[in-house]
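Okay, thanks for coming, everyone. I'd like to walk you through the packing in one model, so let me put it up.

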Amino acid sequence: MSTPSKSSSVLPLRLLVAAMSVALLPACTTVRVDMPELQTTLPGQMDAAAPRAPGTPMADLANWWQTLDDPVLTGFIDEGLKNNTDVRVALARVKEARAYLGVAESTYYPTVEASAGAGRSRQNTPVPIQNQITMPANLPIPMPQVDTQPSMSLGNTHGFGLNAVWEVDIFGARHSDAEMVRQLMFGAQEQQHGAQLLVASDIASRYFEARGAERRLILLQQGVTVARRLHQYAEGRFKAGQTTASEVDRAALQVDYTESQIEPLKALLQSHIRRIAVLMGRAPQTLTALPPQPASFHLPTALPEVMPSDVLERRPDVRGAARKVRSQAAKLGSAKAELFPKFYIGFGGLAGRMHPDSMEGNNFSVQSLGIGMRLPLLEGGRIRANIAANQAQLEGVAAQYEQAVLTALEDVENAFTAKRAFDARYDKLSNSARLARKVAEHKQALFVSGTELLQPALEAEATALQREDETIQGDISRALYTVLLYKALGGGWSTQRDNWPLPAVTSPKVATASPPLPAGLDGL
């Protein structure tokens with residue numbers, strides 16, 4: 001009897017050694033997935049933007065609206081970034097993605113289940129009762145069975161058990177699944193950054209348009225006053241027989257036309273103010289007027305120096321597209337890992353007591369440790385077809401990333417070009433307004449001195465007011481294109497960095513078979 005006892009004691013020891021050996025295998029043999037190479041060539045510098053000197057840091061665009069030195073605007077944007085519904089929705093999606101990441105990472109660890117129960121049973125015939133420590137049906141880990149009393153006509157039973165199963169991720173399938181979810185979480189963060197960028201730029205745009213409408217309303221009121229004076233002057237001359245009725249009608253027409261612009265402009269102003277309130281997460285009725293604009297407000301005169309790689313590092317849409325590529329690459333790695341075997345370690349324990357009414361009760365217990373392996377042998381090509389589908393999806397999202405890069409570069413070039421054009425237009429309009437005002441003042445001086453009639457002086461004043469209104473509209477346009485420029489550059493929100501490579505965007509200086517990433521792009 002000694003030999004069987006020795007064999008029974010050696011077998012669990014061998015199982016334990018084998019299980020520990022499998023557990024200690026590092027999960028570093030993850031299936032290799034090569035990032036696709038893109039056809040886009042990243043230019044050395046922008047055409048419309050001044051290049052950033054090598055070695056100098058990127059311009060700090062975080063909270064770019066604070067450089068305008070307008071506390072009212074800053075307060076509106078800060079409130080919008082905190083309470084805007086789109087930002088809150090994006091933040092909720094980030095929280096959701098983080099929770100799903102926790103679900104995915106839970107597969108790294110063993111699954112442990114506890115069970116307990118009690119009951120009373122009755123048997124009319126001596127049928128053996130078997131208690132089996134059960135494991136999940138899809139895990140190939142054999143567990144023993146325990147035979148109880150061969151016959152128990154009436155009695156009580158209670159017991160408890162503990163099962164533990166661990167899939168050892170040797171080929172990285174579970175780590176690839178978690179990496180896929182992790183990149184989706186980073187993509188959700190980029191969507192949040194994109195929502196913040198849109199909210200900040202929309203509030204600033206509406207704010208500048210509202211301020212412009214306020215200034216234009218003041219000029220319109222002055223224009224109505226001048227038009228009415230011209231009408232009164234024409235009526236006086238008509239009564240004196242010095243002009244015709246058509247001149248009086250023409251003056252009245254100008255009064256009606258000028259007055260007709262006031263109410264639509266007031267409505268436009270209120271629509272901008274209500275929109276600002278909604279962007280801040282308020283009810284539109286809570287904001288009816290803007291506080292006075294501080295005298296310190298100014299638009300930046302110098303444009304930021306930008307390199308193409310700066311744009312790709314800042315833009316949330318480009319970074320989000322890169323996250324999709326990484327997520328799909330991890331998904332492809334998980335699909336490839338399905339070709340290889342999966343290894344499991346399991347442990348089970350059961351203990352309890354039986355109380356037959358007709359005899360003395362007895363305790364029972366059993367423990368077991370097992371290892372198992374699953375390997376697909378015949379699955380009709382399903383795994384390889386899934387790999388091919390994921391490879392095609394990777395090529396598709398890589399092309400989308402390429403499109404995002406091209407669109408970002410186009411947006412920045414257009415924004416710089418438009419900003420310079422509208423700055424130049426504003427300079428011309430400002431000079432025209434200054435000249436018109438100078439002429440009006442000269443005409444007024446001639447009228448006061450008695451060498452000129454009142455009508456030319458009033459007409460010159462009306463012309464000066466019109467030129468000033470055009471200048472205000474030009475100022476609104478250059479402010480809006482300033483906001484558009486910062487929006488195109490991507491704002492200043494940072495993103496978490498990791499060690500995954502991006503799809504390669506080639507540079508004309510380093511167009512090799514496996515081109516390195518442009519500066520600033522490899523850390524995304």
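**Packing and rings**

Let's start with T471: skipping its neighbours within four places in sequence, T471 is in contact with Y426, L429, S430 and A433, where contact means heavy atoms within 4.5 Å. T471 sits in helix α10; helices here are DSSP runs of H or I with at least four residues, strands are E runs of at least two, and both are numbered from the N terminus. With a relative accessible area of 10%, T471 is buried. The cut-offs there: buried is under 20% relative accessible area, exposed is over 50%, and partly exposed is in between, with a 1.4 Å probe and protein chains only.

Y426 has something else going on: R478 lies over its face, 4.0 Å from the ring centre. To count, NZ of Lys or CZ of Arg has to be within 6 Å of the ring centre and within 35 degrees of the ring normal.

Quick housekeeping. This is a predicted model, so local features need pLDDT of at least 70 and side-chain atom pairs count only at pLDDT 80 or more, while totals for chains, interfaces and linings use all residues. Residues are numbered from 1 along each chain as its sequence is written, and side-chain values use heavy atoms, with hydrogens and water left out.

Now the core. Which residues have the most contacts inside the largest nonpolar core? They're F76 and F208, in a core of 69 residues. By nonpolar core I mean buried Ala, Val, Leu, Ile, Met, Phe, Trp, Tyr and Cys joined through side-chain atoms within 4.5 Å. Elements giving two or more residues to this core include α2 (71–83), α4 (173–239) and α10 (454–489). The largest share, 13 residues, comes from α9.

Again leaving out neighbours within four places in sequence, F76 is in contact with I203, Y207, I276, M280, L287, L290 and P291. Apart from that core there's another one, of twelve residues, V94 and F186 among them.

On to the rings. The whole structure has eight aromatic pairs; Phe, Tyr and Trp rings (six-membered ring for Trp) pair if their centres lie within 6.5 Å, with planes under 30 degrees apart stacked, over 60 edge-to-face, and the rest tilted. Y207 and F208 have centres 6.0 Å apart and planes at 65°, so they're edge-to-face. Y207 is buried at 0% relative accessibility, and F208 is buried too, at 5%.

F208 also pairs with F297, and that one's tilted: 5.7 Å centre to centre, 45° between the planes. This pair links distant parts of the chain, with F208 in helix α4 and F297 in the loop between α6 and α7, 89 residues apart. F297 is partly exposed, at 22%. Put together, F76, Y207, F208 and F297 form one aromatic cluster.
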